[in-house]
Structure formats: structure tokens, C-alpha cells
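Open the structure in your viewer and keep the selection panel at hand. The stops below go from the whole chain to individual residues.

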Amino acid sequence: LDRLGGEMQHVRRSEEDLKNVLASVDEVVYELSDDGRTLRYLGPGADTLFGVRARHLAAQPDLRYSRVLTEDRAIVDGLAHSLEQDGSGEAEYRVRGGEGRVRWLRERCRLLRDADGRIWKRTSIVSDVTALRELVEELKKSEGRFRSLVELSADWYWEQDAEFRFVDISDAPGSWVSEYFTSDMVGKRRWEMPVKGLGEAQWAAHRAQLSRHEDFRNLEFGLE
């Protein structure tokens, strides 16, 4: 149980880290001419994200994709296709910087048109989502380890929302839990389920304890 609790805490820390990263993602804006051949504006930090010096990007805008990993070239091609066909696009792909480090970039691009419908410039926002990707992957691994420990445990666990409604109920060896706790129970509070063995006064005391966010033990009741 100590190990199970430790994994649960690790999952929660990973989720908090994820929120912090989302609030601090680095972004670079650039603008191209109507035909995409001339760079009109390049925001600071572009050389770090693309792995190409800014002056080289200014001379040859297509160099922004020169360090895209081979296996992600099709993603970049798909982004260009979406831009031409739909007027906008979004994709995530990897680039290898000059220092050899691989970064994950998310690019969102749009075609801007004048009153007559003619393209007058192309804009893109590029974000470094490397840390976000790494944290999401770590969160998946943490949740996987947590689930594995739950499956190996003779106990079972549940999750509730702020109003004490069940949002998730684990299974247990022998599947005895799923015999009683079905998907119909999700969204209900414990005292709204078909249970027996506790009177109104006992339920009232339990609800008061929960409202104070106190730990509780040895709450025994039957399942109908």
C-alpha cells in the first residue's frame, strides 16, 4: 500500500508539473509573403527553435524545416497541404538542433486574405512543446505503474470528485468488486448506492466527516 500511495503521489506531482509547463511554453511568431518565399517578420528565439541562424532563415525561409527529422517530414508536408487547402493547419513535429538535441515543436499557421479574397500574408506560431511531451509521457508511465500495482494488489481503490461522487472504481483479483460496483455507480455518492448496514445517523456522521476532509477508517457496510 505504501508503494501504491507513492505512485499515486507521483502521478499527482506529474499532473501539477504538466500544468506549470502549459503556462510557460516558449513561442515564436513568423510571417511570410503571400507566396511564402519572403520572410516579413521573425520573432526572437527562432534560431533556437528551428536550429538555424536567424540571418539564414531571413535569406531562405524554407530552412526552417531543414532540421526536421526524416520520419516527421510527412507531418510537415501535411501541414503545408492543410494550409493551402483549408487556409490553416496545426501539427507537431521534431527538429534536431545544432547541439544535437531533439525538440518537439507545435506549429499553427494561417493564410490571411484581403477583402477580395487574395492571400496577402502567411502567419505561423511555433511553440516548443518538448517539456510538455516529456511530462505527458512520464505521466502515462506513472499512471501505467500505478494501474499495474492496483491490479497486483489484493485491495481496491476508488476516486471521487469534490462532491464525493465516484468517478473511477478499480477492479480487484477475482473481479469481486465489479460484481457489485458497476458503471451505473459512477456519478453517485456512497450513500446513494444500494448498500445496507448503516442507519441515517451513521451516514450523517460520515458525510460530516467527509465535508471536513478528514480521513476515515473501518466504515463497514453491506452491498445489496
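**Whole chain**

Colour by secondary structure: the protein has seven helices and nine strands, where helices (H or I, at least four residues) and strands (E, at least two) are DSSP runs numbered from the N terminus. This is a predicted model, in which local features need pLDDT of at least 70 and side-chain atom pairs count only at pLDDT 80 or more, while totals for chains, interfaces and linings use all residues. Residues are numbered from 1 along each chain as its sequence is written, and side-chain values use heavy atoms, with hydrogens and water left out.

**Strands 3 and 4**

Select residues 88-96, strand 3, and residues 102-113, strand 4: nine bridges pair them in the antiparallel sense. Two strands count as paired if DSSP finds at least two bridges between them. Pick glycine 89 next; opposite lies cysteine 109 of strand 4. Then move to the hairpin, with five residues between the strands, where glycine 100 has a positive phi near 90°.

**Strands 4 and 5**

Select arginine 113 and find its bridge partner in strand 5, isoleucine 119. This hairpin has five residues between its strands, and glycine 117 takes a positive phi near 85° there.
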